[in-house]
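Here is a short report on a predicted model. Please read it with the sequence and the structure side by side.

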Amino acid sequence: MDKMLILVYNNALERVVLDCIEECEVSCFTLIPKVFGRGLTGGPRLGTSVWPGENAMLLIVDRQERIEALLERAKELKARHHGKGVKAFVLGVEEKV
């Protein structure tokens, strides 16, 4: 069964994240380069002078084994770049067209 990984990260980490997905041999993904928000830790990233910073979002649908490998890499990234903002979500994919 396919899964979807949603990875939200500080866009300063983009090169590191793209290297990870390349190492995991992910060939298809959607990158949303500028997303704003607020998590449980740190301040909001709204791209303004008051709340500077931006995140990026990566959407990957792939077979479960590859998504699990990517999730492990996301956990490593989060640990290595603690406080920079790395968040991963895994969802089931019921249908693709």
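F36 has a relative accessibility of 46%, so F36 counts as partly exposed; the limits for that class are 20% and 50%. The residue lies in the loop between β2 (30-35) and β3. F36 also belongs to a nonpolar surface patch, together with L46, V50 and W51. The accessible area of these residues together is about 400 Å².

How many bridges join β1 to β3? The number is 9, between residues 2-10 of β1 and residues 55-63 of β3, and the two strands run antiparallel. β1 also pairs with β4 (residues 86-92) in the antiparallel sense, over 7 bridges.

The table lists residues that stand opposite each other in these pairings.

| Residue | Opposite residue | Strand of the opposite residue |
|---|---|---|
| V8 | M57 | β3 |
| Y9 | V86 | β4 |
| L5 | V90 | β4 |

To recap, β1 is joined to β3 by 9 bridges and pairs with β4 over 7 bridges.

Key:
Residues numbered from 1 in each chain as written. Predicted model: local features only at pLDDT ≥ 70, side-chain atom pairs only at ≥ 80, totals over all residues. Heavy atoms only, no water. Pairing = 2+ DSSP bridges. Helix = DSSP H or I, 4+ residues; strand = E, 2+ residues; numbered from the N terminus. Patch = residues over 30% accessible without salt bridge, like charges linked within 9 Å, V, L, I, M, F, W, Y side chains within 5 Å. Areas by Shrake-Rupley, 256 points an atom, 1.4 Å probe, with all protein chains shown as cover. Salt bridge = Lys/Arg side-chain N within 4 Å of Asp/Glu carboxyl O. Buried < 20%, exposed > 50% of the residue type's maximum accessible area, 1.4 Å probe, protein only.
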